[in-house]
Amino acid sequence: MDPLLIVLIVVVVLAVAGGIWFYAGRNRGGQVPPEVSAHKPTSADDVLLTPPVEEAPPQAPQAPAATLERPESIPGRMQRLRSRLAGAGSFGKAILSVLSRGDLTEADWEEIEDTLLTSDLGLEVTTSLMDELRTQAKVLDTSDPDAIRTVLREQLLELVDPGMDRSLNLTKPTPADGWDGAGGEPAAAVLMVGVNGTGKTTTCGKLARVLVADGKTAVMGAADTFRAAAADQLTTWGERVGVDVVRSEKEGADPASVAYDAVRQAAREGVDVVVVDTAGRLQNKAGLMDELGKIKRVMEKAAPVGEVLLVLDATTGQNGMRQAQVFSEAVGITGIVLTKLDGTAKGGIVVTVQKELGVPVKLVGLGEGADDLAPFDPEGFVDALLG
Ligand code: GDP
């Protein structure tokens with residue numbers, strides 16, 4: 001045979017054998033996508049219906065999640081703040097130091113009276129408290145400091161009035177309260193009022209933290225539109241605990257409209273509480289009344305405002321009381337937040353303000369720290385005053 005023909009036959013045989021080997025290898029080697037191989041088609045249609053293998057869409061780069069702070073729990077903060085209140089109670093300490101002298105002279109009694117007066121208890125309350133202390137000393141036939149201290153504690157507690165309801169009304173309004181259901185389910189509304197500088201914005205932020213610590217959701221409204229810094233301050237407070245702040249970018253915008261937007265957003269999002277901060281310029285009483293009245297009326301178009309909290313700076317004494325009267329006339333007050341009690345010996349203001357305004361102190365500010373706000377506890381307060 002022609003050698004050339006032999007070479008040709010060998011090449012053809014090798015090519016055919018190689019093709020068969022390659023084809024068999026493909027079916028054996030598992031290169032078919034597993035999704036398809038897992039599916040056993042029973043007909044040609046099944047093959048067509050088998051979904052094509054989709055590639056995952058490209059992922060947008062994700063911003064790192066902001067770490068939210070976990071505010072201190074309410075029992076925890078009360079424990080911690082008690083010592084700060086004790087620092088505020090130097091009037092109690094002054095009285096106790098007089099009492100510790102033993103048998104009380106007339107000069108000692110006068111010193112006690114002076115101390116009570118400088119603590120902002122007011123003349124009327126101090127006079128009746130002194131009368132009661134002297135009477136009890138006579139009745140008990142003693143000037144023993146421990147016995148007088150016990151009487152003083154009872155008297156102060158009675159003046160602070162432990163029977164007042166100091167809980168915040170954070171119950172969501174029901175349709176029976178007169179909302180139409182449009183725009184969602186309204187949140188419990190808290191309106192914060194008071195003179196500038198008393199700690200309103202700070203208290204809104206601290207309150208948002210109390211709410212978050214209590215497992216509630218909230219929205220804040222920056223209706224102090226005269227100070228851009230107030231809205232910025234509130235936004236920072238909100239960001240730290242994941243609470244949205246509704247604000248207007250326009251300085252001097254209508255505060256009532258910002259408050260209304262906050263209430264509507266809270267309803268849309270179904271949050272538990274909406275807290276609205278306001279401005280407190282006092283130069284024009286009529287203007288202030290109009291403004292606060294309008295904010296409250298506009299908020300109440302959506303649902304009733306459950307709490308109107310008056311923020312009072314405990315260090316301002318009787319002057320603060322006059323301001324409080326103006327606010328209380330402008331807009332019905334349901335509770336008082338007494339701030340800066342950490343820096344004053346004027347604990348007697350608690351008694352005076354409740355008596356004059358007829359509403360309870362519900363919260364106290366005891367420092368500039370984020371969690372330095374606590375519910376007011378009469379027994380703890382009086383014990384801290386008396387050491
Ligand atoms: P606003 O004008 O009423 O909103 O007052 P701010 O919230 O801006 O507070 C005025 C100042 O008071 C700030 O420096 C706060 O840190 C301070 N402040 C607020 N509450 C307290 C408090 O309970 N204790 C102390 N020591 N300072 C406070």
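Asp120 sits in the loop that links α6 (106–118) to α7 (123–139), helices (H or I, at least four residues) and strands (E, at least two) being DSSP runs numbered from the N terminus. The model is predicted, so local features need pLDDT of at least 70 and side-chain atom pairs count only at pLDDT 80 or more, while totals for chains, interfaces and linings use all residues. Residues are numbered from 1 along each chain as its sequence is written, and side-chain values use heavy atoms, with hydrogens and water left out.

Most residues other than glycine have a negative phi. Asp120 is buried, at a relative accessible area of 8% (buried means under 20%, exposed over 50%, partly exposed in between, with a 1.4 Å probe and protein chains only). Asp161, in the loop between α8 and β1 (188–193), also has a positive phi, of about 65 degrees. Asp161 is partly exposed, with a relative accessible area of 30%.

A nonpolar core is taken as a set of buried Ala, Val, Leu, Ile, Met, Phe, Trp, Tyr and Cys residues joined through side-chain atoms within 4.5 Å. The largest such core has 75 residues, of which Ile112, Val193, Val274, Met299, Leu338 and Phe381 touch the most other members. Helix α8 (residues 145–160) gives the most to this core, namely six residues. At least three residues come from each of domain 1 (74–160) and domain 2 (175–333), with bounds from an automatic or database domain assignment. Apart from this core lies another, of 24 residues, including Val190, Ala208, Ala231 and Leu373.

On a 1 Å grid over the protein atoms alone, a cavity is a set of points where a 1.4 Å probe fits but cannot get out, and lining residues have an atom within 4 Å of a point. Grid points are joined across faces, edges and corners, and a volume is the space filled by probe spheres set on the points. The largest cavity has a volume of about 110 Å³. Its lining includes Met78, Leu81, Arg82, Leu85, Asp377 and Phe381. Two or more lining residues come from each of α4 (74–88), β8 (373–375) and α15 (378–386), and α4 gives the most, with four. The lining divides into nine nonpolar, one polar and two charged residues (Ala, Val, Leu, Ile, Met, Phe, Trp, Tyr, Cys and Pro count as nonpolar, Asp, Glu, Lys and Arg as charged, and the others, Gly among them, as polar).

Terms used:
On a 1 Å grid over the protein atoms alone, a cavity is a set of points where a 1.4 Å probe fits but cannot get out, and a pocket is an open set with protein on both sides within 12 Å along at least five of seven lines; lining residues have an atom within 4 Å of a point.
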